[in-house]
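Colleague: I'd like to learn how to read a model like this one from the inside out. Could you take me through it, feature by feature?

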Amino acid sequence: MLPKLNFDSLDQRHEFKTFSKNVKRALLSHKAPVLHSLHLIVHLHLCNSMNTAKLIGIAFACNLRKLVLEVDGGRFSIPESLYNCETLDTLELKYSILMDVPSSICLKSLRTLHLHYVDFKDNESALNLLSGCPNLENLVVHRYPFSSVKTYTIAVSSLKRLTIYTSSTVDPRAGYVINSPSLTYLKIVGQIGFCLIENVPELVEASMIVSSQIINKNLPESLTSVKRLFLEFSPLMIKFPAGSIFYQLVYLELLTHEAECLNLLTLMLNSSPKLQILKLLSPKYQSWKKDVVGKWNKPKIVPECLLFHLETFMWKGYEWKRNDETEVAKYILSNTNRLKRATFFSKPISSEERVKMVKNLNSVVRALNSCQLLIK
């Protein structure tokens with residue numbers, strides 16, 4: 001009657017060929033009307049592909065709602081029975097798994113799908129998988145570095161949350177085409193060749209932490225509906241149109257991991273007239289911070305968000321001795337009318353240096369906004 005079952009073949013590695021028999025016996029003895037979760041960790045030298053496929057089939061007969069399958073020690077091909085399970089709500093597939101997905105796939109109850117380094121036989125298999133999940137809402141992809149799929153097309157009308165992770169070993173020519181009109185949350189992390197976001201009118205929150213050779217030049221226009229945004233990439237990778245485009249944006253986090261990112265800040269301030277919360281995140285140790293690299297291009301006119309909307313400003317990893325960062329901080333503090341709190345997190349400094357930094361920043365805070373300045 002247990003609602004959740006977990007099995008790991010390594011737990012019985014000293015009893016050769018007993019794992020599949022014991023799991024089969026447990027599943028056949030399950031009498032509850034629904035098996036809510038099955039977590040199966042299989043090492044193929046202890047439980048071969050044929051027996052693993054049989055165990056999955058038996059689990060489906062128990063009206064399984066969630067399956068987590070981890071495979072190691074070889075390449076496991078998903079059995080056809082998985083592609084037509086009517087009760088499955090959540091599916092997580094991990095590691096040495098190959099998916100050869102037929103066009104007849106129908107996972108009508110599936111809401112959540114996690115693919116961790118899973119490979120597909122071809123592009124058609126990847127397309128078939130997503131098209132066969134008409135009610136999918138949450139998709140998480142840890143991309144297999146040597147995948148045969150170069151262009152990963154994600155076109156799911158019901159999808160609400162999409163998270164993509166890639167590694168530095170992924171083919172730099174590989175990328176994504178995203179066409180999901182119901183999407184409200186998007187996160188992309190890692191190295192990608194390109195990213196084409198075509199149709200995401202409902203997008204509310206996005207996190208883009210990417211390095212790329214070729215990224216969508218019109219990326220900003222694809223994210224115009226967002227209210228919360230986290231960015232980490234060089235402004236040289238994208239093309240900003242003239243004027244304000246992020247009319248809904250109220251929360252922005254920007255990782256200043258290279259000097260050029262401060263100029264991305266300028267672009268974002270100019271493009272986000274309703275911005276209320278601004279957070280800058282600087283890694284504690286960066287080689288580019290040792291020397292002044294370039295000059296910050298401050299806005300030609302004071303951005304609308306600073307004059308009328310910005311209320312919270314935070315900078316983690318602030319280097320108060322760097323001219324460019326000091327210039328940015330002073331510019332924001334001296335041009336905001338509604339700022340309520342400004343918090344600076346700096347590396348450990350002496351009390352004398354702290355007094356000097358506070359005095360330096362306080363000297364430009366506008367008296368009319370009653371800003372609370374905090375140094376941590």
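Colleague: Which residues in the largest nonpolar core touch the most other members?

Modeller: A nonpolar core is a set of buried nonpolar residues joined through side-chain atoms. Here, in what is a predicted model, the largest such core has 108 residues, and L69, M99 and F344 touch the most other members.

Colleague: What is M99 in contact with, leaving aside its neighbours within four places in sequence?

Modeller: The partners of M99 are I78, Y83, L93, L115, V118, D119, F120, K121, S125 and L129. Notice that D119 and K121 are on that list, and both Asp and Lys count as charged.

Colleague: And how much of the protein is buried?

Modeller: Of its 376 residues, 52% are buried. As for the elements that make up the protein, there are eight helices and 19 strands. Contacts between residues 24 or more positions apart make up 57% of those with a separation of 6 or more.

Colleague: How do I read a pair of helices, say α1 and α2?

Modeller: Start with the axes. Those of α1 (residues 19–28) and α2 (residues 49–60) come within 10 Å and cross at roughly 10°. Because angles under 35 degrees count as roughly parallel, α1 is roughly parallel to α2. Next, see who makes the contact: S20, V23, K24, L27 and L28 from α1, with N51, L55, I58 and A59 from α2. By type, these residues are six nonpolar, two polar and one charged.

Colleague: Last one: is S9 buried or exposed?

Modeller: Look at relative accessibility: S9 has 0%, so S9 counts as buried. This serine sits in the loop between β1 (4–8) and α1. Its side chain reaches the backbone nitrogen of H43 at 2.9 Å. Not counting residues up to four places away in sequence, S9 touches F19, I41, V42, H43 and L46.

How values were computed. Residues are numbered from 1 along each chain as its sequence is written. This is a predicted model: local features need pLDDT of at least 70, side-chain atom pairs count only at pLDDT 80 or more; totals for chains, interfaces and linings use all residues. Side-chain values use heavy atoms; hydrogens and water are left out. Axes are lines fitted to C-alpha atoms, for helices over the stretch in contact, and angles run from 0 to 180 degrees between N-to-C directions. Helices (H or I, at least four residues) and strands (E, at least two) are DSSP runs, numbered from the N terminus. Angles under 35 degrees count as roughly parallel, over 145 as roughly antiparallel, 65 to 115 as roughly perpendicular and the rest as oblique. Contact means heavy atoms within 4.5 Å. Buried means under 20% relative accessible area, exposed over 50%, partly exposed in between (1.4 Å probe, protein chains only). A polar contact is a pair of N or O atoms within 3.5 Å; within protein, one must be able to donate a hydrogen and the other to accept it, and residues adjacent in sequence count only if both atoms are side-chain atoms. A nonpolar core is a set of buried Ala, Val, Leu, Ile, Met, Phe, Trp, Tyr and Cys residues joined through side-chain atoms within 4.5 Å.
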